[in-house]
Structure formats: C-alpha cells, structure tokens
Amino acid sequence: MGSSSPLQNPLQLGETLYEVSDFTVVGTPKADFGTPEAKKIAYCSRNVLDSDGFRPAESLPLMPQDRILDAKAVTIPKTARQSVFVLTADELHIIEPPGNDGQEIVRWPVCDLSVIVGIDPQVSADVCLLVMGKDARGIFLRSVGCHSGSVLSTTYLPKTVDGTVLGALLVRRQLEAHIVICTVRDSLIEIHDLGARAVGARPVIDSVTTVPIGRAISPDIGLTTAALKPGTPDQQVVVTHSIDTDSNEIKKGSLCVSVLSWAESGKGPELRKEVAMTHETSVNMAPQDTPKYRVAAGRLLGNGADQLVVGYRAAYRSTSGCVGLLLFELQPQPDGSNRLVFLSDYAAGNKGAQPLASIDFRIAVGLFGDPLPEDQPTSARGKACGDLGVLVAGAGASFRQLLDGQASITAGLVTVDPARKTFPPQEEQPGEPRYLSELMIVDYRSKQGFYAFPSDVKGKSVILGPPTYSRTSGSGQLLAVIQAPPYQDDPTVTVEKPSLTFSEGQSGTKGVSVVSSNMWMFSKEFGESIGIRGQTLSHSISESYGNGFDNTADNSTTFSVQTIRPIAEADYLLTCTIVYDVWTYPVYRKSVQEKPDGSMAVIFPTDVERQQYLVPAYDPSLGYKPRSQIGSLLSYVDQELDGYVGSNRIFDLMGLTVSSDFPASLIFDENHMASKNIGKSFTVHNSATDSAHFTYSDSLLDYIPVSFGLNLSEGESYSQSDVETTMLSHSATMSISISGGRAADPQYLYGFTPYIYQHKTMGCLMVGYKVDLRGSAWNRYYATPRVALQALCPGTSNKVLAGFSRSISFRESSGRKGESSDRKVQVSAEVFNNSTQSTNACVEFYKGCPVENTEGSLDPTGDCLGKECLQLQPTGRGTASMEIELAQADQVVVVVYPSTKSNSRTAYWAIYPPSKFQDYFDALRAEPEGTEK
C-alpha cells in the first residue's frame, strides 16, 4: 500500500488490543408494587466479576422490554470506553460510561430502525452509530450522530436485498471495514456484504454480494465475526441456524454452521461460503423445544486464532433447562482447504440440577473481571485477576420459583482446557459453571427473553484512541555497501586496477529492487503504567494484523535500484530516502488512568518519488568503518566479512586471478546464483532523540544521520529502535561483472574471491573480498615490519584528511554519558600488522589536532598521554586502549610504529564523538583553497 493520498485511518477506530469485559443484562425485574406500566420497565444492569462471582454494579431504568428491538455495547474511540446502545421503534438510548454523577442516558428520536451495526470505524470527526432500518423504499443503512442525534447519511440497499434484517456486523478485511447483514426471506437465510465504501463520511453502496446460507426452522439464528485463521487480519462471518428439513444424513432441527471468508475474484475480494457443516448433538444433550442456536467466538486456546462456541437450550439426561455448549475450531487441511472440527461439548446447569435456561439464554466468550496473571507486569502481580471462558447466562425457574411466578437470570463462566481443547469433564449431572450468580429476579409468566452481552463501560480494556497523522520528509535507508576490488597501490606492483560493474537495464540495475512494507510499533514506556505487559499487547496486535502487516494485500511499495557506476578506487554506499505516512494512536486503559500510556505508530511507505544516492565511503554523513584499506592489498587477507552467513550468499563463490596477462573477468549471473531470490528486511530507526546520530551497526558503521530515523514525535522514543520496514531483494536477472586488473610482474600474482551477500542483520547488499597472495615476491615485498591503521580516504592530496581513521573508536565510561562537560572516554585503536612477519607494535595516544610536517606526513600536538605495546602475528590485528578526558569535537592522534623502527612513525587521528567528523568535513570544504587546517 502507500500513495500520495493516505488512508483516513489504516486501522479501525476503537481497535481493542487487550479486551477485559464486564457483563451487561437488559431485563425486566419482577415488581410486586407500582403501577402496571412501572412493572413493565426493563433495567440495564452492569455486572462485574470478582472472587465471589458476578455481582450488580449499576442499574438504570429504561423502557418496557417489549419495545426493545436491539441492544449492544460498542467501543467509543474518543472515550476509550464502551457505551451501551438500546434501540426501540422510536428512540435510541445511549447509556454513557459512569462518571462522578453516575451513568447518563442520552435519548434521540428515531424511526424505521431495527438493528444496531456499530460505530463507523472511518469517521473521527464525530461519533457515528451505524444502524440498519427498513421503510417503504427498502432496506437502508443510516448513520446517526451520537452527540447530536442528527441523521448524517441514509444509504439504501439495492432492491435485490429484501426480507427482514436479523443482524448486522462490522467485519475487518485487511485494513478495510465491511458492513455485513443477515436477512431472512421465506425461511431462506442470506448474508449480504455491503462493501468497504459503506463506511466513512460519504458512504456508497455500489453493489452487494449476497451469499445464500440455507433454510431455517425459525429466524432465531446466531451471527458473529471471528478471526479463525492465525496470522491474518481478516475476520470471518459465522452463521448458525437450525435445519428445516429431514434427510438421510441429518435430522430436522440439527445445527448448521456456516463460515464465510474472503476470496479474490475478478471484481476484487468477495465474501464466500468457505465451510458449511452440520452437527447432530449427542443423545445426552438433545435440543429442547424449537432449536435456537447462538454463537460466540474468542481465543480460548491461546494459539493465535478464535474458536467457536455454539449454545442451545438442551436437556441433559433427565435435567431440562440446560445450556448445551459445542466447541469448534477451524483447522487447515493438507490440500490447502479448511475444515471446521468439533472439539468438545458441555451441558451447563443451575445449582442442584435446577433449570438454568428454561425461558431464554445468551452466551459470550471473553476475559472477564481483570487481566490474566501472566499478562500483568511483575509490579502488578498479586492484584485482582480475571478468568477466560464462555459466559453462560440463562433465564430459568426452579419448582419453588414457579409457585411464586418467578424466574432468575443467572450467569456463570465455563472454562476450556487449552491443552486438551475440551470443556470440563461431567458425568451424570449437568456441569455447574464457575462464579454462578443470580443477577435478576424476573416474572416467569411474562415469558420475556432478555439481552446479555460483554461490556466495558469502565475502560478495563486497552483501546487505541483516534490517531494523529503525519508524513515524514524522507527517511534514509542503506541499500548496499560495495567494496572496490582489492589491489596494491604501487605502480611497481599494479599496472591496471580491478573494477566492479552492475549490469544495467532500461529502468535501473538489473535484478535489484527495494520493497518497503507497512509496519507498526509501540512507544518505549508502553504497557508499564496500565497494568498489562507491553509484550502481551504487542503479541495481540501481531495476531490481529500479522507481523509488519505481512499478511495484508498491497502491503508494500517496490522500486528498482538505479544504475550503479563502475567502482574501482573507493568503496561506495548506496542509500535511498523513502517518505512514510505515520499514524500515531494513543493507547488507553481508562480504568487505570485517564491519560494515554504511550502510543502505537502505524507506518506506511508512500508512492512519493524516492531519491537514491551513491556516495563514497568517506562521505561524512555515514560513519563507514572499513577494516581494510583501498590500495593496501594485505589488509584484505584473513579479513572477516561483516554480517556474513552462508545462507545469505547470493552467488556461488568464484575466484579471480590477477596476473601480468590481460585482465581476466568474472560475471555473476543467474547461472552462478546460490539462491534465486533472497529477501532480507532492513531497519529504519525510530528514536526521536535530538542527537544527530545513533548506532546502526557497531562493526560496519559508527553512526548514521538523523535523516535515517522516523522521528515520530518530540520527547517520545519507541521500544523497537530497529523496525523492519524495508526489504532489498534480488531476482534471477541480477548480474555483476568484475574485471581483475593486471599486475606489473608475474611475481605479484594474487587471487581474490568476491563475496556477494545480504547482511544478516541490516539486510543491505554487501560486496566484500577474500585475498590469496600467490606470487613469489609477496613475502619479500611485505617482509619489512609495517604497522598501520585503516585510513578512510588514503588517496586524497590533503595529508591531514588522508590520516583520518575509524580504526580509532570511542566508548564513554558508564555513568558519564550525556554530560556536557569533559568526560572519561575509552579510546581504542585497532592496529594492523601490514607485513608477513611477526611484529611488536608501539601505540602512542595524544589529545589535540594533527599537523602536517615539512616531509608531508603528520605529527601529533601536545604531550603523549600514554603508550602501549602489542605483539602482532603476520597480518594480525590488535587493540590498544586508554581512558582520556574528552569534550565535544576534541581530536585524538594515535601514532603507531614497529618497536624495532621508532623512526617509522605514522600518525592517524579521529574526532570525538565520531559524528563530529561531519562538522570537520563541512568546515574543511568551506575553507579557501590552499588554507592549512
């Protein structure tokens, strides 16, 4: 995805990262006193779970129960809590979360409405409730402003959609929200997808996809959304109904479960019936009366996907009025299809084998009460914890209650064993749910049902608030580190230098492209103060959307790497800039604190034109730290390749011999590929620190520019400072050619092997070499003891700049980092034995600027602060270190020489901190020609 016109909201507004619920019941208590009208009034009662069971918290009078058409709890993004919506034929009641003055009910007049859909997930300017209705013109979708009660839009469905609307859902498909409704017409149950454009400020219903489900005995169906497949953002639609005809395979009244999933078609994604299965209940759990199958979904097994629970009124053995529960899981099959598998059943009854649901019942799946113990940070352990399971609420009457004309609404929790994938075992009697509690006494003679659903009006869940949108000006990415082929910079040895060239195509370098993907991440302090571990919340969003949105369509943008010119006399770095759209969502848990607990950033690359840069390795904006030196052939011998693992090698290893004959060449193409395609994610840094630079790779780069960071907000840093958003990939058309150059004499024959691979941590393309000295003269050539540091740009005519080396490194002493005054800094110098003989090297440290002497070499200034001697094997390396007090922009000079040749002193220098080289280089560039530095 990604374009010059960003999405309004990439995630649905009010997205829940961690759901903790209470339990709301809408029913009519039995009243022995009062007027006949008062006795009919239904109440909305919120119930909470603690160690003693479910207990009422608040109760508000509403209207006569027989006027209620629908009731639902819906998350309000701006409040990060849920409100309860109750719909009648002429009024919409909005029960706001409880405040200092208790709960408030807002009432708005309505007409012709029947079913609540939910809050529009794409409108952030207002809180808009989507509701289905029907009038003389047909079925319509209406958006109602919750703060004003005004009708914001009314959109009619095509005439082909007819019948009675039984239910409506918001269904997530990738980054879209679809409205799906269920209708019945002449006993035929149908599902209709109104499309993704039905939501938003300007809803449009272009066409409707209709999926027939089957004929049912009654319109009492079950309808829910479920994420039954792990690792994908898509939700499925699940419908349950009772079969209306007998057949040889199945009896009338048996359960039918239909799972509708998204499938690609010529017109785009379509909702299709993926699974339809029938299930006959066991003899011991026979359906009671006219079967009414309700369905709920949730993550009961902890495996990254939802499971289905189907409930119905059942008789268990000799006990009537039970609630039968059936547990199902969608399982992938070897042929790539999916099958709904029955796992377990259970009969939930009341205490003493009394009826639990002889009048009506409701079920829900969720975490009730408080977070699970394992999801709480260590600091919160020992506090109240919740329980995960199937909430069963039933209206039933014992024999004693029948005599008094009473019935009870009772609720409890049935758990599932995640290892065995089963409900609790039971034998002769129906099982008694945990926390079984009587919530309301109702009039048995009224035979009225009730509404019951999970709700979170206190804000116990972790909710994403409305986002803030921004666009980065262009974040840098390192695409490739390309070393020039090795040679000895000495005309008596080298006649012609080797070179490297990428083959070219019409649109750029062949076979090398960059893919930049959508990503999300949490801020550093996330999850600490709200009592839920950040790791738990990160895992939750991973399961919902897939890591890095890898499983969403159009999740990335791709562009070709532009032509890379021939490389011979310097190492080069290939970089590019990518513009990102960033939405920063505040993360709330209002029951703990009003202010957000950090934020979650959602990052999408755009299609805005990218800039690519091929810069020499000495470019001051990037702290490239080579361990070999251009023109110093021996420095490549026995050199370890940074970030190399064999599995990331792109081409097979092939060697090239440099002799006095005409230059030989190698072509790395499809015939020599170790892997036809390798994709490796890059990192883009997200620290918002005001520091100009931060570490990218300790061994490859000292620093990178601040433009390589997203800098999402001032004063807020993100826990994943390395967020994988960009991938460099190659294809079989990639081709690299290397010319071997020519030696001055056969005695200086040598071979080198190019290693072309992708860096194991950074993902960028790497071209490095291993060298084998074969000529007879090399031992004599390198016999004289020489010790050196690796100079960054040895070929420059500026002698001071030629002595600059990143073999000198700095590490601040602990406890002093970030102070503005002088601080103790450990200065280290990696010394290279540039000879084939063992050597004792002397290393001296100086504080101050280097100066050019009359002989054209460098001398230190000031006194020697310390000296260390190293024993170095042939072509070996060693490190000398000492602590020096340094301030910003101080320079350090390191002088090295063999102990046997104190007159062969070579001075190198570096600046503290390493990123200050940018300032030094800029000042040097601004000086008039001929000015000494």
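The model is predicted, so local features need a pLDDT of at least 70 and side-chain atom pairs count only at pLDDT 80 or more, while totals for chains, interfaces and linings use all residues. Residues are numbered from 1 along each chain as its sequence is written, and side-chain values use heavy atoms, with hydrogens and water left out.

Let us begin with confidence. The average pLDDT (the predictor's confidence in each residue, from 0 to 100) is 83 for the chain, and 83% of the residues score at least 70. Over residues 546–556 the pLDDT falls below 50, yet this stretch has 37 contacts (heavy atoms within 4.5 Å) in the model beyond near neighbours in sequence.

Now for the overall build. The chain holds five helices and 64 strands; these are DSSP runs, with helices (H or I) of at least four residues and strands (E) of at least two, numbered from the N terminus. Of the 933 residues, 58% are buried, where buried means under 20% relative accessible area, exposed over 50%, and partly exposed in between (1.4 Å probe, protein chains only).

Leu402 sits in helix H1, which spans residues 399–404, and Leu402 is partly exposed because its relative accessible area is 38%. Leu701 belongs to the loop between strand S47 (693–694) and strand S48 (704–705). With a relative accessible area of 2%, Leu701 is buried. Its C-alpha atom is separated by 7.1 Å from that of Leu622, although Leu701 and Leu622 are 79 residues apart along the chain.
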